[in-house]
Amino acid sequence: MAEAALDAVRRELREFPVAARVPYLDEPPTPLHFYRDWVCPNRPCIIRNALQHWPALQKWSFPYLRATVGSTEVSVAVTPDGYADAVRGDRFVMPAERHLPLSRVLDVLEGRAQHPGVLYVQKQCSNLPIELPQLLPDLEPHVPWASEALGKMPDAVNFWLGEAAAVTSLHKDHYENLYCVISGEKHFLLHPPSDRPFIPYELYIPATYQLTEEGSFKMVDEEAMEKVPWIPLDPLAPDLARYPSYSQAQALRCTVQAGEMLYLPALWFHHVQQSHGCIAVNFWYDMEYDLKYSYFQLLDTLTKASGLY
Ligand SMILES: O=C(O)CCC(=O)C(=O)O
């Protein structure tokens with residue numbers, strides 16, 4: 001009886017409708033349209049012609065970055081394999097953090113210098129205004145129509161620049177994310193929150209990579225930290241023998257080109273890759289902890305309780 005009921009729940013979850021692709025808007029929406037058509041229904045879209053007035057779009061080349069912020073030290077995530085914040089064996093491993101002049105990162109990206117591991121300038125705590133304030137005149141400090149629709153300013157404005165090998169593992173955030181590509185392209189693999197029953201989570205011992213003097217990496221456990229719930233699955237090569245339910249999840253893929261902005265709604269799972277040297281900026285607006293959040297929590301609880309994942 002209970003098993004039949006669970007089967008019925010699983011069937012309903014499998015058949016839950018999702019969009020087949022991420023739609024494009026040819027111009028930024030009004031605050032009302034953004035709120036009504038995208039934020040409320042928690043639907044992603046790619047917005048064109050929303051950044052063309054930013055000087056960054058014309059200016060941000062490697063020579064320009066060298067000239068304006070080349071000597072500025074930035075936090076760089078360094079990993080042996082390009083995966084920061086990802087499951088490796090029985091650990092959740094965070095990157096080694098280096099502070100390097102941006103010109104050094106650019107040298108490595110251009111093949112003029114070597115550095116052990118894979119470099120990714122990314123620190124998700126407003127590294128743009130904090131570490132690279134000289135670049136702020138080249139863009140708007142927020143996305144006005146989004147700030148008006150959401151009734152708040154962004155919690156963080158982040159700058160991303162990295163090697164093609166730098167990958168962001170599948171995860172979700174409680175932010176409404178406006179992700180702007182300035183040069184190059186980003187490849188997103190997305191899952192709607194309704195795919196939660198098919199996406200595995202496990203608890204992992206947290207560890208951090210340390211880069212030794214000789215340039216090799218070792219993992220050091222973060223003894224004081226609690227275990228971290230994380231997704232062990234690589235959506236590019238899912239281990240379906242181990243996580244068979246993932247075959248029922250429906251990934252949406254999209255590429256965000258230079259000059260485009262992805263609206264990535266809160267709670268959507270995302271895995272991100274990029275072209276070599278891609279430059280991006282994103283705005284994180286804290287989500288409203290409204291019914292959407294409550295429904296997601298309910299789905300999460302049911303998923304765990306039903307033994308799905
Ligand atoms: O660009 C990336 O590599 C990751 C972006 C991301 O995970 C985010 O904005 O939440």
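Start by selecting helices H4 and H5, which count as roughly antiparallel to each other because the angle between them falls in the range over 145 degrees. This is a predicted model, where local features need pLDDT of at least 70, side-chain atom pairs count only at pLDDT 80 or more, and totals for chains, interfaces and linings use all residues. Residues are numbered from 1 along each chain as its sequence is written, and side-chain values use heavy atoms, leaving out hydrogens and water.

H4 covers residues 62-69 and H5 covers 102-109; they pack at about 160 degrees with axes 9 Å apart. (Helices are DSSP runs of H or I, at least four residues; strands are runs of E, at least two; both are numbered from the N terminus. Axes are lines fitted to C-alpha atoms, for helices over the stretch in contact, and angles run from 0 to 180 degrees between N-to-C directions.)

Now show the side chains: Phe 62, Leu 65, Arg 66 and Val 69 in H4 meet Leu 102, Ser 103, Leu 106, Asp 107 and Leu 109 in H5, contact meaning heavy atoms within 4.5 Å.

Next, hop over to an open sheet of five strands, ordered E4-E10-E18-E12-E16 with mixed pairing. Its edges are E4 (83-84) and E16 (252-257), each pairing on one side only; strands pair if DSSP finds at least two bridges between them. Zoom in on E4 and E10 (residues 167-171), which pair in the parallel sense over two bridges. Here Tyr 83 sits opposite Val 167 in E10.

Last stop: select residues 117-300. Over that stretch the chain is 12% helix and 41% strand, and the end C-alpha atoms lie 36 Å apart.

How values were computed: Angles under 35 degrees count as roughly parallel, over 145 as roughly antiparallel, 65 to 115 as roughly perpendicular and the rest as oblique.
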